[in-house]
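Let's take a friendly walk through this model, starting with a single side chain and moving on to its cores and a helix pair.

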Amino acid sequence: ETTSADIVACRFFQEYVGKTVKPRGIDSEFIVEGSDILSTMIIDRKMTEDVWNKFYKASLFETIRYPEGRIFEDKATTYKLLQKATALAYTPSYLIHYRNRANSLSNIHSMKSLVDYWVVYRERYDALSSISEPYHRVALSECIGAVSRMWRWYAGCTEEEKKEAQKYLDEMQRFVEVHRNEVLS
């Protein structure tokens, strides 16, 4: 309220069974405006892209919605909210307790999880890579990370899951082929 920021980000406690962790973070308040908001998260990595450690003005959601039925919906949405916001304030106060569960959807490496991870970073690549060279490099790296994640967990998926995901596997292969020289350099 004092800053009139569209988004306020804060630090958080991570809660595990029998243990609370206080992750490090930036120790001072700051405000960013305009295109610097997105850069603060994507390029500078001064904050996480998690949705749950931020407070949002409701007006940001007039045209932005979380994708239904998908995992990693925060990664699919947060960057859009940051692009729409005119000001973001950060407080070093620990205002959130985030409960980590080993069996949460984002910690289970099902084919759905792997495909949704790819889809979100592919969408981000399409949306962000043309902004500037630094955005392009980060978005490309995120996509390659999603491909790597797929191949690390692929063997644990069922043959039926692999068959259902074939179009995404083909898409990943085409993406890597198109960007091969960039990836290798």
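Thr-77 has a relative accessible area of 0%, so it is buried (under 20% relative accessible area, with a 1.4 Å probe and protein chains only). This is a predicted model, where local features need pLDDT of at least 70, side-chain atom pairs count only at pLDDT 80 or more, and totals for chains, interfaces and linings use all residues. Residues are numbered from 1 along each chain as its sequence is written, and side-chain values use heavy atoms, leaving out hydrogens and water.

Thr-77 sits in helix α2 (residues 73-84); a helix here is a DSSP run of H or I with at least four residues, numbered from the N terminus. Leaving aside residues up to four places away in sequence, Thr-77 touches Ile-64, Arg-65, Tyr-66 and Pro-67, contact meaning heavy atoms within 4.5 Å.

Now for the nonpolar cores, which are sets of buried Ala, Val, Leu, Ile, Met, Phe, Trp, Tyr and Cys residues joined through side-chain atoms within 4.5 Å.

| Core | Size | Named residues |
|---|---|---|
| Largest core | 24 residues | Met-111, Trp-118 and Met-150, with the most contacts inside it |
| Another core, apart from it | 21 residues | among them Ile-37, Met-41, Met-47 and Val-138 |

Helices α3 and α6 pack at an angle of about 40 degrees, their axes 11 Å apart; axes are lines fitted to C-alpha atoms over the stretch in contact, and angles run from 0 to 180 degrees between N-to-C directions. In α3, Val-115, Trp-118, Val-119, Arg-122 and Tyr-125 meet Tyr-168, Glu-171, Met-172 and Phe-175 of α6.

Key. Helix = DSSP H or I, 4+ residues; strand = E, 2+ residues; numbered from the N terminus. Buried < 20%, exposed > 50% of the residue type's maximum accessible area, 1.4 Å probe, protein only.
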